[in-house]
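Subject: Structure handover

Hello,

Please find the structure below. My notes on it follow.

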Amino acid sequence: MEKRTLNEKAEVKNFGSPDEVRNFPKGKLELIKVGGAIVGKATLEPGWRWAESVKPIAKTDSCEAAHFQYHIAGVLRVRMDDGTEFDCKPGDVSTLPPGHDAWVVGDEPAIIVDFQGMADYARSH
């Protein structure tokens, strides 16, 4: 039997103690660094829209981050630059390529955990 040595260690982190918090209009992003990755938890309040809250920070026409997300609460409507539009609801897993806008639908905050696209999200340059 071949013996394998792993250079990685077990690691547990919690969003209750994030490594970084970024606040932006009607939203908050909590980041944890775990297993060599950055995972973000976004809380987006009713009335939040990327084009209004993050576009002034990103300085791009649409969101250029790729996302791989698990939707915990609320409804997030996404419109791709090609006009495709869909809702992401609790329990959904979504992948979004660059080139989209998004906004909260209804009166409940949208809470999303993103495993890919939050390292530079809403970061002032």
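This is a predicted model, so please read the notes with that in mind.

The sheet

Three strands make up an open sheet, and their order is β6-β5-β8. The pairing within this sheet is antiparallel. At the edges are β6, covering residues 85–88, and β8, covering residues 100–105, each of which pairs on one side only. On average, neighbouring strands here are turned by 25 degrees against each other, with direction ignored.

Strand β5 spans residues 75–80 and is joined to β6 by four bridges, the two strands running antiparallel.

Backbone phi

Most residues other than glycine have a negative phi.

- Lys26 is not a glycine, yet has a positive phi of about 60 degrees. Lys26 sits in the loop between β1 (20–24) and β2 (27–34). Its relative accessibility is 46%, so Lys26 counts as partly exposed.
- Lys59, also a residue other than glycine, has a positive phi near 60 degrees. The loop that holds Lys59 lies between α2 (55–58) and β4 (67–73). Lys59 counts as exposed because its relative accessibility is 70%, and the cut-off for exposed is over 50%.

Regards

Technical notes
Residues numbered from 1 in each chain as written. Predicted model: local features only at pLDDT ≥ 70, side-chain atom pairs only at ≥ 80, totals over all residues. Heavy atoms only, no water. Pairing = 2+ DSSP bridges. Axes fitted to C-alpha atoms, helices over the stretch in contact; angles between N-to-C directions. Buried < 20%, exposed > 50% of the residue type's maximum accessible area, 1.4 Å probe, protein only.
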